[in-house]
Amino acid sequence: MRGYFGIGVEGISKAHNLGAVLRTAHAFGASFAYTIDAFHKAADVGRTDTSRSASHLPFYEWESVDDFILPKGCTLVGVELTDDSIDLPSFRHPLNCAYVLGPEQGSLSEGVQARCQHIVKIPTKFCINVSLAAALTLYDRTISLGGYPDRPVRPGGPDLGAVSNWQPPGYRRQARKSKS
Ligand SMILES: C[S@@+](CC[C@H](N)C(=O)[O-])C[C@H]1O[C@@H](n2cnc3c(N)ncnc32)[C@H](O)[C@@H]1O
């Protein structure tokens, strides 16, 4: 997949939710993960983050939104149910971005929302668990930027003959490199 992404949570209070977010981030190929204004004991987080994500991807603990620094050119995307949020299924994910989610009780702070270039919502009737919201956001990114062939009109997988030209993401770049 082209580009990169990071994902983080503001003010998350339950270590097991943070562990689930980190594990999900790791599984979907995040380049970094972070918290803002949230500190947990690694042992507590490890109960759900059995993949020990912090050993495999950079993990930042920012004290507050004022300290929060992102790589140059990295767009901040809030994930929050607000009246003005963009519906996730219609959202074009930036190639280089960081997603930020809110605490279990409450929402993304005004300070963080003000730093976001976009805020997206998952079309649900009410708030879902923060780690599920993280997983759905990253799954949506994967389906829209992963370079998968279009879904067929009929139920089932794509016609393999019709997609014989399809190559996994990154293949063309690899092929160009090996030719030069
Ligand atoms: C459990 S929700 C927060 C509680 C919620 N504000 C409430 O009604 O009390 C935790 C976080 O998950 C994310 N979240 C949950 N459901 C969401 C949705 N449908 N769309 C976007 N973000 C969602 C947001 O980042 C939110 O701050």
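Predicted model: local features only at pLDDT ≥ 70, side-chain atom pairs only at ≥ 80, totals over all residues.
Helices, of at least four residues, and strands, of at least two, are DSSP runs numbered from the N terminus.

Let me begin with the overall architecture. The protein chain has five helices and seven strands. Read from the N terminus, its elements follow the order β-α-β-α-β-β-β-β-α-β-α-α. The chain has 180 residues, of which 29% count as buried. Among its contacts with a separation of 6 or more, 78% are between residues 24 or more positions apart.

I turn next to the sheet. Its seven strands form an open sheet with parallel pairing, in the order β3-β2-β1-β6-β4-β7-β5. At the edges lie β3, residues 59-62, and β5, residues 86-87, each of which pairs on one side only. Helix α1 packs on this sheet, where it touches β1 and β2, and its direction makes about 175° with that of β1.

Consider the β5 side of the sheet. β5 and β7 are parallel and pair over two bridges. Here Asp-87 has Lys-121 of β7 opposite it.

Now to β4, which has pairings with two strands that I shall take in turn. With β6, β4 pairs in the parallel sense over five bridges, and Leu-76 stands opposite Ala-98 of β6. With β7, β4 also runs parallel, joined by three bridges; Val-77 has His-118 of β7 as its bridge partner. As for burial, β4 is mostly covered, with four of its five residues buried.

In soluble globular proteins, nonpolar side chains tend to be buried together. In this model, the largest nonpolar core has 34 residues, and those that touch the most other members are Ile-7, Val-21, Ala-98, Tyr-99, Val-100 and Leu-101. At least two residues of this core come from each of β1, α1, β2, β4, β6, β7 and α4. The largest contribution is that of α1, which gives six residues.

Several individual positions deserve attention, and I return to Leu-88. Is Leu-88 buried or exposed? Leu-88 is buried, because 20 other C-beta atoms lie within 10 Å, and 20 or more is the cut-off for that class. Beyond residues up to four places away in sequence, Leu-88 touches Val-120, Lys-121, Ile-122, Thr-137 and Asp-140. Leu-136 is 48 residues from Leu-88 in sequence, yet their C-alpha atoms are 9.3 Å apart in space.

Ser-53 is also a loop residue, found between α2 and β3. With 21 other C-beta atoms within 10 Å, Ser-53 is buried. Leaving aside neighbours within four places in sequence, Ser-53 is in contact with Leu-22, Arg-23, Ala-25, His-26 and Ala-33. For one of these, Ala-25, the C-alpha to C-alpha distance from Ser-53 is 8.2 Å, across 28 residues of sequence.

In strand β2 we find Ile-36, which is buried, with 25 other C-beta atoms within 10 Å. Not counting residues up to four places away in sequence, Ile-36 touches Gly-8, Glu-10, Trp-62, Ser-64, Val-65, Phe-68 and Val-112. The C-alpha atoms of Ile-36 and Asp-67 are separated by 8.8 Å, although the two residues are 31 apart along the chain.

What is the phi of Asp-37? Phi is near 55° for Asp-37, a positive value in a residue other than glycine. Most residues other than glycine have a negative phi. Asp-37 lies in the loop between β2 and α2. This residue is partly exposed, because its count of other C-beta atoms within 10 Å is 19, and a residue needs 20 or more to be buried.

I close with the ligand. Which residues are closest to the ligand? They are Leu-101, Gly-102, Ile-122, Cys-127 and Ala-133, among 18 residues that surround the ligand. By class, this shell has nine nonpolar, six polar and three charged residues. One of the closest residues, Leu-101, is also among the core residues that touch the most other members.

Methods:
Residues numbered from 1 in each chain as written. Near = placed C-beta within 6 Å. Nonpolar A, V, L, I, M, F, W, Y, C, P; charged D, E, K, R; others polar. Core = buried A, V, L, I, M, F, W, Y, C linked by C-beta atoms within 7 Å. Buried ≥ 20, exposed ≤ 12 C-beta atoms within 10 Å, placed from the backbone. Pairing = 2+ DSSP bridges. Contact = placed C-beta atoms within 7 Å. Axes fitted to C-alpha atoms, helices over the stretch in contact; angles between N-to-C directions.
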